[in-house]
Number of protein chains: 2
Amino acid sequence: MSKNSDLQKLRHSAAHLLAHAVLELFPDTILTIGPATPEGFFYDFLPVQNFKEEDLPKIEQRMHEIAKRNLPLTHEQVTKSVAREMFANNPYKLELIKGIPGDTVGIARQGDFVDLCRGGHVENTGDIKHFKLLNISGSYWRADRNNQALQRIAGTAFYTAEDLALFEKRREEALMYDHRKLGKELDLFSFHEEGVGFPFFHAHGKIILNIMKEYVRDLLNKAGYQEIATPMMLSDELWRASGHYDHYKNNMYFCQVEDKTYAIKPMNCPGAILIYKERPRSYRELPFRLAEFGLVHRFELSGVLHGLFRARAFTIDDGHIFCTMDQIEPELVSTIQMIKEVLHKFGFEKIKVGLSTKPKDAMGSDELWDRAINALKNALDKADLPYTIQEGEGAFYGPKIEFLIEDSMGRTWQCSTVQLDFFLPQNFDLSYINSEGKKERPVMIHRAIYGSFERFLGILLEHYKGRLPFWLAPVQVRILTITDEQKDYAHKILEALKAHHIRAELDESSDQISAQIKRAQLQRIPWMLVLGKKEETNNTVTLRNLDGKQEFGLSLDAVLKKAQQETE
Amino acid sequence: MSKNSDLQKLRHSAAHLLAHAVLELFPDTILTIGPATPEGFFYDFLPVQNFKEEDLPKIEQRMHEIAKRNLPLTHEQVTKSVAREMFANNPYKLELIKGIPGDTVGIARQGDFVDLCRGGHVENTGDIKHFKLLNISGSYWRADRNNQALQRIAGTAFYTAEDLALFEKRREEALMYDHRKLGKELDLFSFHEEGVGFPFFHAHGKIILNIMKEYVRDLLNKAGYQEIATPMMLSDELWRASGHYDHYKNNMYFCQVEDKTYAIKPMNCPGAILIYKERPRSYRELPFRLAEFGLVHRFELSGVLHGLFRARAFTIDDGHIFCTMDQIEPELVSTIQMIKEVLHKFGFEKIKVGLSTKPKDAMGSDELWDRAINALKNALDKADLPYTIQEGEGAFYGPKIEFLIEDSMGRTWQCSTVQLDFFLPQNFDLSYINSEGKKERPVMIHRAIYGSFERFLGILLEHYKGRLPFWLAPVQVRILTITDEQKDYAHKILEALKAHHIRAELDESSDQISAQIKRAQLQRIPWMLVLGKKEETNNTVTLRNLDGKQEFGLSLDAVLKKAQQETE
């Protein structure tokens, strides 16, 4: 049994412990479900009176008490009729019982607490030592807004105090380094009620976005992509033809233009397709690689908006490759290599890949799918990326791979995706003339590396805890002077740095050097160049980094060389 | 009397000549008005049967015949009652007579032709020698769609055959180098019925736009601008507050977001203002210079759309400077210098400036306006740019300057503008804390250099007749080989060029060198590097430009140096 499934058991048992404690404290509470999650566990309750934040310590305290009773956890199978009697007053459990296949259901017990349960527990409540309740939130029975509103208490549990402490540290960090907080502190972006869910990028935020774009643009250029720009809105007929209307209309914005309805694009694919179709294409033009840094708009309920992580508009680094069947594999190899290169560049070394295969009701033959999936597997192998198969989870129109990256706080994020598409080429009747002069249908590969520039920026801010690496920092160097006498020298250094395209600034104040350093640190400027009398006399600088590490007596050339190294 | 007013006389007389010829050929035609225009003249008729394109040569022929009759042109004043009798059957002339102040109106005669006329003619029909009818189009009485539809015949006239020939040459060129035609030929952009009025930029078009952006971004950076990015749509309340709703609502697109109406931005100013207002500003932050390459959408009737010149979406290189009264002049000086520098860079040496001054019902004191207008005049003087005063033509909220550039075909275009704004800072209650700790109101300067990137690109294409200068060309160098034996050498050269960021390609075909040259010429690629056996042996290249001029035996270093010079 893997450590992971052990943790699942512990957390599932902790959910029972939570329910047990709640029933002792609030006996008329109605239980619904209480699963383990990747982060911990929760239990959804229907309380007589809503739980309050201040109830959590009490409940946690009671959980510890029950744990100390060292109650054995037992599990048995009972007939459904017995179970129905046991939970006669709980319509949710009755509904669950009805939904379980077979004639019997599992029952878990600890002391006088009993719950409907598939099984998988620790042996004794005493085994549940290192846990913590985290928050109360609203939920719905079966996650459906039309059903009964419930209250969810969430927590987490670990086998060791160290693991729990690490979790708590990361959680605190996550709050401290929330990108929305950092965005404000570092003057990167803001949100305004005049445009709910639409970020406003300030100068420093825009610099980072521009660097991200230029970096990828350069890679795309070398990889033979053609950069295009397609309109922000296109006729609603196009979106109906593409199938987006049917699937996305609730997330799309519509405008009236003369007597036609236009939709603001939620995706960039149809624009790329219209450019492909602009004129007949020859096999010589394939693979035809189109790239667009395309701003898309997708409506989201205001309740689910979350800074840059979930906004109503974002820019996709979209790639659309039109190619022959034979070109799929080499294209995937270079695409996946590029994704890996970019993720590494941003300090994401731990990458997991999920490969989603043919679902039921898929279009295209088994042979087509097998070829495509094999191409994906080979490409992943060549890139030395481990992957797990997500059997049957592909879209009906083609297999897909998703990249999960782990950040510095141990959280995983899905950003890059590669999606094969047999559908849109058919739907838009795309073709190319093959070497024998005959029409053939190309395959389409959709791929994004950042996914959303804005969301990726949010992830970067949290991953780096606001301390962006030198090459990404909006201000790379701040020059500080011990006294105003060094200001002339400082200006000379500043101009030299700027001439070498280093984003440098001078602290023009006459503040104490300690205050200048503190200000630069708060703004997470990676390098401070401290200039005093000695530095000026020797024509050198002192380089101080954010950790306070200092290098004395560096020549300007040495600084430039170092900067060059950091930027490469 | 200036040459220009002479030309007006000639053209006005030519309009009479046109009407005279039309009445001889189509006696029941009703005349309305026939003025001179900056390009020539027209006459609006109400014909019994619509004129057709093939009528034009006949009418032109008759005009020549009447001209040769050497009829003297006379002009007299008659009482309105006499005039009303003369034009009793012409409701348009009667309406005109009614609208003329005083008791008399002017009458022009030549032979038996008579027209209502303020005067200003040549002496004799024989003086009208060099003219040409250009086209027939639809018009409306008093340019109002609700009035009678009329037919306009337009033409032009000059004093000399040379001037007319030059005009005709330019007109042919303008048709030949129409940017829509070039855009298609050079694969720069396309228009699609799925997005009427919204350009789709192909790879080569996007490269040019990117170069234009990077070039200006670099200048902005040096000039202390902060680049921002604000949302594509903002709440309709904001647009009402800014006053845009009242003035522009017919040109704005609206979307519904939850229960609110959002407008897609037709301008970038409100976004910039929200960023200025994001936190209190100190005088130390002024001048606060915000730049945004902002895509705006403005509805236009499909009938007036005209390629990139008039589209429904375009990107403004928008600048908004928030400054103190004292900073207006230095900011204008650097703004105008920057505009001049950019226009020169794109080969526009002939620049005229119009300065629009205080209108009636302006806001702000005379003193404020005088200061602002003097600042504009001083800045224009410093930039050595001549200007004409457009008395009273400023917007109510501040004076404005417009830049008119003359292209290679002698046409003028208005692109860059600088607009002072006393209104929006007041309307949005903008402030800064001055050096004494008191709140003050900043002034706002709106300025654009390209105006619209897309329209400017269209102008550039026509100005350069599709032959973009080396630094702007999407493909700068095409390598051609005399035989396939030079392909390896060609690849080496290609890689070396690319490593130096030169946009180079290799003609991979085995076509005859003449065919390869022709193809490169059609694609207006500025440099061809022709490689034969001799070049390979000597490790040199032959550089051929678009005019067919060749330089033999250049080393790669010499080519790189030359490219560097062209790009600086």
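Predicted model: local features only at pLDDT ≥ 70, side-chain atom pairs only at ≥ 80, totals over all residues.
Local features need pLDDT of at least 70 and side-chain atom pairs count only at pLDDT 80 or more, while totals for chains, interfaces and linings use all residues. Residues are numbered from 1 along each chain as its sequence is written, chains are lettered from A in the order in which they are written, and side-chain values use heavy atoms, with hydrogens and water left out.

Of the 568 residues of chain A, 55% count as buried (under 20% relative accessible area; exposed is over 50% and partly exposed is in between, with a 1.4 Å probe and protein chains only). Among contacts in chain A (heavy atoms within 4.5 Å) between residues at least 6 apart in sequence, 69% join residues at least 24 apart.

Next comes the pairing of the copies. Chain A can be laid on chain B with an RMSD of 0.3 Å by a turn of 179 degrees and a shift of 0.0 Å along the axis (least squares on the C-alpha atoms of residues with pLDDT of at least 70 in both). The two copies are thus related as by a two-fold rotation axis. In chain A, the C-alpha nearest that axis belongs to Cys255(A), 2.8 Å away. Both copies use the same surface, with 100% of the contact residues of chain A recurring in chain B.

The contact draws on 49 residues from chain A and 49 residues from chain B. Together the chains bury about 4,000 Å², 61% of it on carbon and sulfur atoms (accessible area, 1.4 Å probe, that two parts lose on being put together, summed over both). Glu194(A), Phe200(A) and Glu258(A) supply 15% of the area that chain A buries against chain B, more than any other three residues.

On the polar side, 13 residue pairs between chain A and chain B are in polar contact, both residues being at pLDDT 80 or more (N or O atoms within 3.5 Å; within protein, one must be able to donate a hydrogen and the other to accept it, and residues adjacent in sequence count only if both atoms are side-chain atoms). Elements that each supply at least two residues to the side of chain A touching chain B include helix H7 (203-222), helix H10 (269-276) and strand S14 (288-297). That side divides into 24 nonpolar, 12 polar and 13 charged residues (Ala, Val, Leu, Ile, Met, Phe, Trp, Tyr, Cys and Pro are nonpolar, Asp, Glu, Lys and Arg charged, and the others, Gly among them, polar). In chain B, helix H10 (residues 269-276) is mostly covered, with eight of its eight residues buried.

Six salt bridges run between chain A and chain B (a side-chain nitrogen of Lys or Arg within 4 Å of a carboxyl oxygen of Asp or Glu). One salt bridge joins Asp187(B) to Arg279(A) at 3.3 Å, N to O. The whole structure holds 82 salt bridges over all chains.

Within chain A, Glu505(A) and Arg478(A) form a salt bridge at 3.1 Å. Glu505(A) sits in strand S24 (residues 504-506) and Arg478(A) in strand S23 (residues 477-481), so the pair ties together parts 27 residues apart in sequence. Glu505(A) is partly exposed at 28% relative accessibility, whereas Arg478(A) is buried at 6%. In chain B, Arg467(B) and Asp547(B) meet at 2.4 Å, N to O, in another salt bridge. Asp547(B) is exposed, at 61%, and Arg467(B) partly exposed, at 37%.

Gln419(B), in strand S19 (residues 412-421), has a relative accessible area of 8%. A polar atom of the Gln419(B) side chain lies 3.4 Å from the backbone oxygen of Pro399(B). Phe309(B) is in the loop between strand S14 (288-297) and strand S15 (313-323) and is buried at 17% relative accessibility. Beyond neighbours within four places in sequence, the contacts of Phe309(B) include Trp413(B), Arg455(B) and Glu462(B).

How values were computed: Helix = DSSP H or I, 4+ residues; strand = E, 2+ residues; numbered from the N terminus.
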